[in-house]
Amino acid sequence: MSKEIIRFKSSESALHMNAPSLSEEKGVFMSTYGCQMNDNDSERMLSLLEQMNYTPVNTPELASLIIINSCSIREKPVHKVHSEVGRYRKLKLTKPNLKVGVAGCVAQQEKDRLLKDLPTLDFVLGPDNIDSLPEVILSLKNKDDKDVRLNAAKFKHQEPYHVDTLVRSPGVSTFINITKGCDNFCTFCVVPYTRGRERSRPVTHLIDDINTLVKRGVKEVTLLGQNVNSYTCETGLGFSELLKNICEKTDIERVRYTTSHPKDFTDDLIEISKEYKEKICEHIHLPVQSGSTKVLERMNRGYSREHYLKITEKIFKELPDVALTTDIIVGFPGETEEQFNETMTLLDEVPYENIFAFKYSPRPFTKAARFDDQISEPIQKERLQRLFDKHETQAWDLCKRYQNKKIKVLVEKQDKKTGSYRGRNVQNKMTHFMPFDSTEENGELVGKAVEVEVYKTFPLTLRGKRLEGLK
Ligand code: SF4
């Protein structure tokens, strides 16, 4: 497959050729779909654009530049891009200097078709070329009526991945990319085709990045990668050593990571998590995808139900307070009722505080899209509902463990209207509570890890009470 992933339209209307320069009005409207990687990419694009004097705006009407950061992991992504771009067609007629681009996975997959089908579009930008965005914008301004192409760097296995974390105004908690791409080729997933082969950032860069973020007030980082467990820096250092380095060489208060892959989840990661329990949060997102070994084989996941159960058993033995969450695909091609029931019974064996479950839907380029035993939508829907119903009972049971417990909450925000604070505990439960007294009423707790006692529990959130104020 061609790796060319930035392309501009080959022709412009006379209207656009007479457009005033972009510098006359610089508002950017970013429309983001999908996962945390995409949120992070949008943040990165906004940071780059801010350096070009763009200001983020909340509505497309105020923008001179609109970027749709697309996602193709779930549900009818191309259709969504088409309809959103369609909505901007009229706007472009009234604002001739408005530029519209599509970034993200759909841009990677559908570049030629998008530009051909959507006359409103000015450029497409694949996820591997985000750092070229300023160049793209400048070229839009200066380009003549020729086809302009920029070639993406060729993906190279284990080639170090150099990128600084760009965060406009970091909050208490921030995401930081540690790897990019994926080598696993699960048969349902487009990521290896859209984000390329896996590359890892050098550990020294990550340490520097985190230290800079700490100086800017960040207290918690979430290390991001499609499969963080296969992180390998150019000196051969793996993910658990990376965590150890971060814990020892930075003053970050909390570290989270996502997403883990069961086939690469090692015992030493459990050991490091135990050793640095004060910093490494007790929340592990470990996507199982299916409880059936047969289905896992067809998904090319590289582990069995038994292997997964062994890991989770070890995790709970060594880290008994951990909160485990997972991803599940229901109605994968060929999934029988019995195989689906193996996913249902997995919930009897593994206590999941939260599950992210989806009906399987085919993705372009992927092997599973060509399987000839696709499951009908009504069956998928019915199975998904059964799974959610079962998990709901589990989630209500599990959340009781926080009842009357004293927990440490890293405070992220205060609600200006009600005065209540919110933040997460180490298990990633969003916790709401009121200030103890007037000394805490004006945002004094934001950025602090404070103790609250839980008086009400829900599957996704907790309500707590401050028992004493700031000393
Ligand atoms: S591990 Fe599988 S599901 Fe996850 S990004 Fe890689 S190919 Fe996709």
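## Around strands S19 and S20

A hairpin of three residues links S19 to S20. Strands here are DSSP runs (E, at least two residues; helices are H or I, at least four), numbered from the N terminus.

This is a predicted model, where local features need pLDDT of at least 70, side-chain atom pairs count only at pLDDT 80 or more, and totals for chains, interfaces and linings use all residues. Residues are numbered from 1 along each chain as its sequence is written, and side-chain values use heavy atoms, with hydrogens and water left out.

Now for the pairing, which takes at least two DSSP bridges between two strands.

| Partner of S20 | Sense | Bridges | Opposite residues |
|---|---|---|---|
| S18 (residues 430-433) | parallel | four | Thr431 and Leu462 |
| S19 | antiparallel | four | Lys456 and Arg463 |

What about the two faces of S20 (residues 461-465)? Leu462 and Gly464 make up the covered face, while Thr461, Arg463 and Lys465 are on the uncovered one. In a regular strand, side chains alternate between the two faces of the sheet.

Over in S19 (residues 449-457) you'll find Val450. Is Val450 buried or exposed? Val450 counts as buried because its relative accessibility is 5%; buried means under 20% relative accessible area, exposed over 50%, and partly exposed in between (1.4 Å probe, protein chains only).

Leaving aside residues up to four places away in sequence, Val450 touches Ile407, Lys408, Val409, Val411, Phe433, Leu445 and Arg466; a contact means heavy atoms within 4.5 Å. Take Arg466: 16 residues separate Val450 from Arg466 in sequence, and their C-alpha atoms are 8.4 Å apart in space.
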